[in-house]
Amino acid sequence: MRRALVLALSAAAVLASSAAAALVPVPLLVQHAITKRTAVLNYVPARVPFGFRYARWSYTASPQPVTRIWFQRRGKPAAWQITFVASRQGGVCPRGEKSYQVDGNKVWWSHTRNEQQAWRCVAASKGLVRLTAATPIAPTAFAAVGLAQVAAAGHRIR
């Protein structure tokens, strides 16, 4: 009886850790790789919209250091992607067309003919870091608040 209980608890622990890992938008191995590559712009979103999955990441050191993480929507054309960007922000954080208050964070949003983006700035050791979520999906097909939620969920990897 005791052995069955131990096996059941072990199985439950494995399933719980697997479920928790599935909820992390950026795989932990990727997070470790990002932190190893950059200790300043090691930011990831804690959530992405339903159906979007991690695709790839990159770090560019020059001319300006930038970390980019791409998320793709399964079963949709390549245009259905969101790019999360962490970059240095010189000066004050720019305003956008709209602002949202998401999870206690003020997030700005704007769009052009070819893209919409939401961003917020966070204090870092050497100035501000701008966390941006951008997509080529039109605002009529993908709600601006969806991008605002991704930008608001951006956090530094610990």
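A charge is taken to sit over a ring if NZ of Lys or CZ of Arg is within 6 Å of the ring centre and within 35 degrees of the ring normal. In this predicted model, local features need pLDDT of at least 70 and side-chain atom pairs count only at pLDDT 80 or more, while totals for chains, interfaces and linings use all residues. Residues are numbered from 1 along each chain as its sequence is written, and side-chain values use heavy atoms, with hydrogens and water left out.

Under the ring criterion, the charged end of Lys98 is placed over the ring of Trp109, at 5.1 Å from its centre. Arg56 lies over the face of Trp70, and the distance to the ring centre is 4.0 Å.

The structure holds 1 aromatic pair (rings of Phe, Tyr and Trp, the last by its six-membered ring, with centres within 6.5 Å; planes under 30 degrees apart count as stacked, over 60 as edge-to-face and the rest as tilted). Phe52 and Phe142 form this edge-to-face pair, with 5.9 Å from centre to centre and 75° between the planes. Phe52 belongs to strand 2 (residues 52-60) and Phe142 to the loop between strand 8 (127-135) and helix 3 (144-152), so the pair ties together parts that are 90 residues apart in sequence. Helices (H or I, at least four residues) and strands (E, at least two) are DSSP runs, numbered from the N terminus. Both Phe52 and Phe142 are buried (under 20% relative accessible area, with exposed over 50% and partly exposed in between; 1.4 Å probe, protein chains only).

The count of disulfides (cysteine sulfur atoms within 2.5 Å) is 1. Cys93 and Cys121 form the disulfide, with sulfur atoms 2.2 Å apart.
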